Amino acid sequence: IERYFEPFPSVRGWIDATLESVRATGYAETLLGRRRRIPDIDSKNGRLRSMAENAAVNTPVQGSAADIIKKAMIDVEQRLTESKLVGRMLLQVHDELVFEVPERELEETTDLVRECMEHAVELDAPLKVDFGSGANWLEAH
């Protein structure tokens with residue numbers, strides 16, 4: 001574990017700061033301000049404390065990713081409705097969105113979705129979106 005952190009010392013610092021913050025406040029927070037209570041962060045039970053520490057570190061990362069995709073989905077749906085494009089969002093699978101789009105609208109819909117997803121939130125590092133298309137899930141990947 002220590003060898004993993006050697007080239008990434010700021011990651012270890014971030015984890016330590018996150019755990020310190022959660023111990024002080026009792027909750028972890030996502031990038032968009034959603035809070036998750038972490039009641040066992042100071043538990044005497046090592047197993048419970050370890051699970052709480054994992055949740056404390058995981059929440060800002062995966063919770064923020066969930067917030068971003070939710071915001072992107074809202075933005076995409078609104079823009080699709082305003083655009084009068086026929087394509088529609090069908091479902092979300094983790095960090096992917098699946099659409100049903102007529103071939104003639106594929107490029108325009110892709111551009112719209114890319115814009116919404118890559119600008120759902122402004123970050124220091126740019127959000128990048130990959131696309132695939134096909135008649136089924138396998139072809140799209």
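# Chat: loops, rings, pockets and a core

Visitor: Quick one. Is Lys84 buried or exposed?
Guide: Lys84 is exposed, because its relative accessible area is 68%. Exposed means over 50%, buried under 20% and partly exposed in between (1.4 Å probe, protein chains only).

Visitor: What am I looking at?
Guide: It's a predicted model: local features need pLDDT of at least 70, side-chain atom pairs count only at pLDDT 80 or more, and totals for chains, interfaces and linings use all residues. Residues are numbered from 1 along each chain as its sequence is written, and side-chain values use heavy atoms, with hydrogens and water left out.

Visitor: Back to Lys84. Where does Lys84 lie?
Guide: In the loop between helix 3 and strand 3 (88–93). Helices (H or I, at least four residues) and strands (E, at least two) are DSSP runs, numbered from the N terminus.

Visitor: And what about the phi of Lys84?
Guide: Lys84 has a positive phi of about 70°, although it is not a glycine. Most residues other than glycine have a negative phi.

Visitor: Which loop holds His94?
Guide: The loop between strand 3 and strand 4 holds His94. His94 is not a glycine either, and its phi is positive, about 55°.

Visitor: Why does His94 count as exposed?
Guide: Because its relative accessibility is 69%.

Visitor: New topic. How many aromatic pairs are there?
Guide: The search of the whole structure gives two. One is Tyr4 with Phe5, an edge-to-face pair with 5.1 Å centre to centre and 80° between the planes. The other is Tyr4 with Phe8, a tilted pair at 5.7 Å and 45°.

Visitor: What do those words mean?
Guide: Rings of Phe, Tyr and Trp (its six-membered ring) pair if their centres lie within 6.5 Å. Planes under 30 degrees apart are stacked, over 60 edge-to-face, and the rest tilted.

Visitor: Which residues form the aromatic cluster?
Guide: Tyr4, Phe5 and Phe8 form one cluster. Phe5 is buried, because its relative accessible area is 12%. Phe8, at 40%, counts as partly exposed.

Visitor: What lies over the face of Phe5?
Guide: Arg12 does, at 4.1 Å from the ring centre. A charge sits over a ring if NZ of Lys or CZ of Arg is within 6 Å of the ring centre and within 35 degrees of the ring normal.

Visitor: Now pockets. What volume has the largest pocket?
Guide: About 1,100 Å³. A pocket is an open set of points on a 1 Å grid where a 1.4 Å probe fits, with protein on both sides within 12 Å along at least five of seven lines. Lining residues have an atom within 4 Å of a point.

Visitor: How many residues line the largest pocket?
Guide: The lining has 35 residues. Glu96, Leu97, Val98, Phe99 and Asp130 lie nearest the centre.

Visitor: Which elements supply them?
Guide: Helix 3 (46–83), strand 4 (96–100), helix 4 (106–118) and helix 5 (137–140) each supply at least two. Helix 3 gives the most, with seven residues.

Visitor: How much space is in the second largest pocket?
Guide: About 290 Å³. It is lined by 13 residues, and Trp14, Glu29, Pro60, Val61 and Ser64 are the closest to its centre.

Visitor: Last topic. What's in the largest nonpolar core?
Guide: It has 15 residues. Val76, Leu80, Leu97, Leu112, Val113 and Met117 touch the most other members. Helix 3 and helix 4 are the elements that give two or more residues. Helix 3 gives the most, with five. A nonpolar core is a set of buried Ala, Val, Leu, Ile, Met, Phe, Trp, Tyr and Cys residues joined through side-chain atoms within 4.5 Å.

Visitor: Where is Val76, and is it buried or exposed?
Guide: Val76 is in helix 3. Val76 is buried, because its relative accessible area is 0%.

Key: Grid points are joined across faces, edges and corners, and a volume is the space filled by probe spheres set on the points.
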